[in-house]
Amino acid sequence: MLMLVLIIPMLLVMFFLIILSAISGSNSNDTVDQPLTLYPLVLSYKPYVTEKAKEHGIDEYVDLILAVMQVESGGCGTDPMQASESGFN
């Protein structure tokens, strides 16, 4: 009897969470196929980033560099790549 008292509330909570998840329709893969929209300020750096990337032989990574710039600073400030904080940038 004690087992039923413990199991039934757990099953109800699990059922409630499953229903809530189905109703919300949230899926962690919803944003995977959506392209990143870059801020105008970040896009203004594209010619400079493209030039420097070509100099270093990494011009295929221009979009990735701009995406990192957007996440790090939004293109604002005197160090938009936040390069002073990481040796990998």
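Mentor: Happy to! One term before we start: two residues are in contact when they have heavy atoms within 4.5 Å of each other. Please also keep in mind that this is a predicted model.

Here is the setting. The protein chain has four helices and zero strands, and 17% of its 89 residues count as buried. Let us look closely at helix 4, which spans residues 62–72.

Begin with its buried residues: Val62, Leu66, Ala67, Met69 and Gln70. They lie on the same side of helix 4, because the arc they cover around the axis is only 160°. On the face turned away from the buried side of helix 4 you will find Leu64 and Val71, which are exposed.

What does the buried side meet? The buried residues of helix 4 pack against helix 2 (40–43) and helix 3 (46–55).

Take helix 3 as a partner. Its axis and that of helix 4 come within 10 Å and cross at roughly 130°. The crossing in which helix 3 passes helix 4 is right-handed. At the residue level, Lys46, Val49, Thr50 and Ala53 of helix 3 meet Val62, Asp63, Ile65, Leu66 and Met69 of helix 4.

Several of these names return in the largest nonpolar core, whose seven residues are Leu38, Val42, Val49, Ala53, Val62, Leu66 and Met69. Helix 4 gives the largest share of this core, three residues, while helix 3 and helix 4 each supply at least two.

Leaving aside residues up to four places away in sequence, Val42 touches Leu66, Met69, Gln70, Gly74 and Gly75. One of those, Gly74, follows helix 4 and has a positive phi, near 70°.

Finally, step back to the whole chain. Among contacts with a separation of 6 or more in the protein chain, 42% are between residues 24 or more positions apart.

Key:
Residues are numbered from 1 along each chain as its sequence is written. This is a predicted model: local features need pLDDT of at least 70, side-chain atom pairs count only at pLDDT 80 or more; totals for chains, interfaces and linings use all residues. Side-chain values use heavy atoms; hydrogens and water are left out. Buried means under 20% relative accessible area, exposed over 50%, partly exposed in between (1.4 Å probe, protein chains only). The arc is that of the directions from the helix axis to the C-beta atoms. A nonpolar core is a set of buried Ala, Val, Leu, Ile, Met, Phe, Trp, Tyr and Cys residues joined through side-chain atoms within 4.5 Å. Axes are lines fitted to C-alpha atoms, for helices over the stretch in contact, and angles run from 0 to 180 degrees between N-to-C directions. A crossing is left-handed if the near helix is turned anticlockwise from the far one by less than a right angle, and right-handed if clockwise.
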